[in-house]
Amino acid sequence: MRTRRTVAALVSALALGASGLVAASGPATAAPTVTADPCTYVFLSNGGSEGLAITCEGHPFRAFVSCQRGDIETYRNFGALVPSGGTSTAWCELGDMLIGGGGAQT
């Protein structure tokens, strides 16, 4: 079930990228890498935390992840503002589920 949700998060991130936003998040065990011109998204997992890493060309941006705690509560965490060609990462809190992500141009 968690794998399906992870894949859904990556698909959601790519949909955001196609609409002018980009997805992102953190370091650790990297799962699949997905490339959506001009950005590359990588799902990350580290000791019970999930996140996204994104690298984009063409504009500065800040990564974010949308996370779910329990059955209802959702929140958003942000990564660092980085220049074109940089990688920004954002993580969910320990034990919470990644449900989406992206990155806004600045």
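A disulfide is taken here as a pair of cysteine sulfur atoms within 2.5 Å. The structure is a predicted model, in which local features need pLDDT of at least 70 and side-chain atom pairs count only at pLDDT 80 or more, while totals for chains, interfaces and linings use all residues. Residues are numbered from 1 along each chain as its sequence is written, and side-chain values use heavy atoms, with hydrogens and water left out.

Two disulfides meet the criterion. Cys 39 is bonded to Cys 56, with an S to S distance of 2.1 Å. The torsion about this S-S bond is about 115°, so the disulfide of Cys 39 and Cys 56 is right-handed. The bond links distant parts of the chain: Cys 39 lies in strand β2 (residues 39–46) and Cys 56 in strand β3, 17 residues apart. Strands (E, at least two residues) and helices (H or I, at least four) are DSSP runs, numbered from the N terminus. Relative accessible area was assigned with a 1.4 Å probe on protein chains only: buried means under 20%, exposed over 50%, and partly exposed in between. Cys 39 is buried at 2%. Cys 56 is buried at 0%.

Cys 67 pairs with Cys 92 in a disulfide, S to S 2.0 Å. Here the torsion is about -90°, so the disulfide of Cys 67 and Cys 92 is left-handed. This pair also links distant parts of the chain, with Cys 67 in strand β4 and Cys 92 in the loop between β6 and β7, 25 residues apart. Cys 67 has a relative accessible area of 0% and is buried. Cys 92 is buried at 4%. Counted along the chain, the bonded cysteines follow the pattern 1-2, 3-4.

Salt bridges (a side-chain nitrogen of Lys or Arg within 4 Å of a carboxyl oxygen of Asp or Glu) were then counted. There are two. Arg 69 meets Glu 73, with the closest N and O atoms 3.0 Å apart. Arg 69 also forms a salt bridge with Asp 96 at 3.1 Å, N to O. The latter pair links distant parts of the chain: Arg 69 is in strand β4 (residues 61–69), Asp 96 in the loop between β6 (87–91) and β7 (97–105), 27 residues apart. Arg 69 is partly exposed at 33% relative accessibility. Glu 73 is partly exposed at 43%. Asp 96 is buried at 7%.

His 59 sits in the loop between β3 (49–56) and β4. This residue is buried, at 14% relative accessibility. Contacts (heavy atoms within 4.5 Å) were also listed. Leaving aside residues up to four places away in sequence, His 59 touches Pro 83, Ser 84 and Gln 105.
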